[in-house]
Amino acid sequence: MANAHFFNDEPFLDHEEGPDLLGHGQYAQHVISLLDRVRAQTETGVLALIGPWGSGKSSVLGKVTRRPQESENEKGWLIAELNPWLYSDLESVTLALFSEIREALPKNERWSEAREKIGGFGKAISPLGKVTALFGLDSEGLVQEVSNRISGDTSASAAKHKAEEALRKAGRPVLVVMDDLDRLTPEELLVVFKLVRLVGHLPNVYYLISFDELTLLDVLQRSELVGNSESRARDFLEKIIQVRLDLPAFRERDADILVDRSLAPQSSPRTA
């Protein structure tokens, strides 16, 4: 019997785990190609990978994030992954976003300005306590940060303008990946959408979000902003997302093929 992982619920990311029978690798390449097309037409955007639970969204996302990182192309995509369910309010998740984008940028001297300006924008729009938590300031650094805010031009609009200039100058796209948005509460979900649509709207920064649509619509309908209206929830989603990619559900026929292949006897090597 083939060495099948019947009880493994983790995303399928590595070819060493077995053949990609569901074609997630091919679909991931399609996503990357589409990202390149979106980048050629606009300097920022939001794409959504949509599919029911168990359809393989996390596996596709994992392959999407690995492909650019395995490439040696110095002009290719940089990857930032954000888990929004770890944060409970807009300030925290906003600061986390810019922290993740900053960490995704190369560490060499050429990128030092972009890293500095991204960090400065995150600090400018967040309370000092949260700056301390996510940027790791000690007491001396906190005092210096207070001094900088008092004496310098640290307004959010000025900081965002500097970050935008630095990202345009750097000229390399950053892809922010967010999975399982349908697991958020209504309030948390609205916070993330506000972040993506407004605060995080930056040149050369793109978003790839993932969710089960029916579940997400149900969550949105439980929010005060949308109310108990599916049509309003769908309209709200359309304002956030520019491109949607629908991942087909795992069909019974696919399951039968997987079972047949897994139960088929492995051919034994020929002996002389």
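Predicted model: local features only at pLDDT ≥ 70, side-chain atom pairs only at ≥ 80, totals over all residues.
Reader: OK, strand 4 then. What makes it largely enclosed by the rest of the structure?

Author: Seven of the seven residues of strand 4 (residues 205–211) are buried, so the strand is largely enclosed. Val205, Tyr207, Ile209 and Phe211 point one way, Tyr206, Leu208 and Ser210 the other way, and all are buried. Strands here are DSSP runs of E with at least two residues, helices are runs of H or I with at least four, and both are numbered from the N terminus.

Reader: How do you know that strand 1 and strand 4 pair?

Author: Pairing takes at least two bridges found by DSSP between two strands. Strand 1 and strand 4 have seven, in the parallel sense, so they qualify under that rule. One example is Ile50, whose bridge partner in strand 4 is Phe211. Strand 3 (residues 174–178) also runs parallel to strand 4, joined by five bridges, and Met178 has Ile209 as its partner there.

Reader: Why is the crossover from strand 3 to strand 4 called right-handed?

Author: The chain goes from strand 3 through helix 8 (residues 186–199) to strand 4, making a right-handed β-α-β crossover. The name applies because, with the strands pointing away from the viewer, the path from the first strand over the helix to the second runs clockwise.

Reader: Leu195 is in helix 8. Why is Leu195 called buried?

Author: Its relative accessible area is 0%, so Leu195 falls under the cut-off for buried. Leu195 touches Leu90, Val93, Thr94, Leu97 and Gly200, leaving aside residues up to four places away in sequence; contact means heavy atoms within 4.5 Å. Leu90 is 105 residues away along the chain, yet the two C-alpha atoms are separated by 7.4 Å.

Reader: What makes the buried residues of helix 10 line one face?

Author: In helix 10 (residues 230–240), the buried ones are Ala233, Phe236, Leu237 and Ile240. Down the axis they fall within an arc of 100°, so they line one face; that arc is taken from the directions from the helix axis to the C-beta atoms. The face turned away carries exposed Glu238 and Lys239. Cover for the buried side includes strand 1, helix 8, strand 4 and helix 9 (213–221).

Reader: Why do Glu43 and Arg168 count as a salt bridge?

Author: Their closest N and O atoms are 3.0 Å apart, so they meet the definition (a side-chain nitrogen of Lys or Arg within 4 Å of a carboxyl oxygen of Asp or Glu). Glu43 sits in the loop between helix 1 (24–41) and strand 1 (44–50) and Arg168 in helix 7 (residues 156–170), so the pair ties together parts 125 residues apart in sequence. Glu43, at 38%, is partly exposed, and so is Arg168, at 44%.

Reader: How many salt bridges does the structure hold?

Author: Nine. Among them is Arg244 with Asp246, at 2.6 Å between the closest N and O atoms. Bridges with shared partners join Glu213, Glu230, Arg234, Arg244 and Asp246 into one network.

How values were computed. Residues numbered from 1 in each chain as written. Heavy atoms only, no water. Buried < 20%, exposed > 50% of the residue type's maximum accessible area, 1.4 Å probe, protein only.
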